[in-house]
Amino acid sequence: MNFVTSNRVETFSGKLTVPGDKSISHRAMIVGASAVGESTINGLLEGQDVMATANALRFLGADVAKNNDGSWSVYGRGVGGFLESPAVLDMGNSGTGTRLLMGLVAAHPFSTIFSGDASLSARPMGRVMGPLQRMGAGFNARDGETLPLTVHGSDILRPVTEELAVASAQVKSAILLAGLNTRGQTTVIEPLPTRNHTENLLAAFGAEIKIEANEQGNVITLTGQPELLAQQVSIPGDISSAAFPLVAGLITPGARIVIENVGLNPLRRGLLDTLAEMGAHIEIENNHTDEVEPVGDLSVAFGTLQGVRVPAKRAPSMIDEYPILAVAAACAEGQTIFEGVSELRQKESDRLCAISEGLAACGVEVRETEDSIVIIGQGKAPRGGGCISSKLDHRIAMAFLVLGMATINPIVMDDIAPIDTSFPGFLETMNGLGCDFRKEVSS
């Protein structure tokens, strides 16, 4: 097991870029593989999760390869053109890749088996299975609707109008990807807008997709069986990865950090809005749009933070950032409340539980309910000194390593291996800016 000790630091400064956006990387490859011709993707995240999706697409007949200049080429098979995989699709820890590909293969006339690691195999897939079953796909899964799981697809699925009980970009995307090879119009109604990378990419590749808001919520309608044409896609830095050095800059006295080329999709900016309410010193510079997504640089400086209430309606725009926001809250003055966050229990780990246990081990007062968490910050460095379990969750691991930069006593993280799923080179990048993360290998 790879233990790492995070020690308090006195300086943290410099410029950095973070890996490409994980959500967009998965989707760019899948949509590119559904197009006609060769798509070129720049800035693809080469973490384990995205590579699992790339390998799965190869098994389904697409040609996915890295070029000498660092870009990636995806030679698409066209809508409805995928082949039956000769092997089980091992998705590792990739929940996003699994759920999106379940939608894709559901609209093809063959069966596909998905497997994953222990963490992924404990995550429920029922919310994706239900809509796809209503479209006409079949499933075999373990009790609890978990992996290993078989999708029995069909090329004569029924178009549906699916009203989601819980806002979920992954469920929405799975339905839309199934709708690609389905005659007629497939409609998804989400109670709150979620990240729209799938819609943006489908539109950029030539799909007919309409988005409007009404009294029911956000309504997305896709006309099936389009001809998607290959495109060039530039993937910005992942704001979910940028969140870690960003908060590190906010809680380290004297820190000044610039994070370059970060994706600033309006539906992904909940963390920035919340930190602004807390009094954070963050400026956005060099705002522009790269092909599909808005991009900019984040300039960050240390400052005093105040506790705030984070409403449930903001959760879809920052669902992956709550672990690192909890670190900011632990260093802030006063009470911070996260409302409507039961979705965190369905991630790589039960993140509400992991946040509560980890903060308590570091001397931070915290109260957890089924759907909320309250963090009481003292406006000063927490005690620290805990040995924290990552629970095979990359965001929990990175969040508590960042907390260790500010605590009085070092924090020990039990397993950093999951970090490579989203932020390869995290330790090296952060140490290069002044962190003191020290590896200790234990048998």
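This is a predicted model: local features need pLDDT of at least 70, side-chain atom pairs count only at pLDDT 80 or more; totals for chains, interfaces and linings use all residues.

Residues are numbered from 1 along each chain as its sequence is written, and side-chain values use heavy atoms, with hydrogens and water left out.

**Stop 1: H1 and H3**

Select residues 22-33 for helix H1 and 95-106 for helix H3; their axes come within 10 Å and cross at roughly 25°. (Helices are DSSP runs of H or I, at least four residues, and strands are runs of E, at least two, numbered from the N terminus. Axes are lines fitted to C-alpha atoms, for helices over the stretch in contact, with angles from 0 to 180 degrees between N-to-C directions.) That makes H1 roughly parallel to H3, a label for angles under 35 degrees.

Now show side chains: His 26, Arg 27 and Ile 30 of H1 meet Thr 96, Gly 97, Leu 100, Leu 101 and Leu 104 of H3, contact being heavy atoms within 4.5 Å. Sorted by class, that's 4 nonpolar, 3 polar and 1 charged residues. (Ala, Val, Leu, Ile, Met, Phe, Trp, Tyr, Cys and Pro count as nonpolar, Asp, Glu, Lys and Arg as charged, and the others, Gly among them, as polar.)

**Stop 2: Asn 196**

Jump to Asn 196, in the loop between strand S11 (185-190) and helix H7 (197-204). Asn 196 is buried at 17% relative accessible area; buried means under 20%, using a 1.4 Å probe and protein chains only. Its side chain makes a polar contact with the side chain of Asn 265 at 2.8 Å. (That's a pair of N or O atoms within 3.5 Å; within protein, one must be able to donate a hydrogen and the other to accept it, and residues adjacent in sequence count only if both atoms are side-chain atoms.)

**Stop 3: H11 and its surroundings**

Select 351-361, helix H11, whose buried residues include Leu 352, Ile 355 and Leu 359. The buried residues of H11 pack against helices H10 (322-331) and H12 (394-404), plus strands S20 (365-368), S21 (372-378) and S22 (387-388). Just past H11, look for Gly 363, with a positive phi of about 85°.

Finish on H10 and H12, whose axes come within 8 Å and cross at roughly 25°, so the two are roughly parallel to each other.

Terms used
Buried means under 20% relative accessible area, exposed over 50%, partly exposed in between (1.4 Å probe, protein chains only). Angles under 35 degrees count as roughly parallel, over 145 as roughly antiparallel, 65 to 115 as roughly perpendicular and the rest as oblique.
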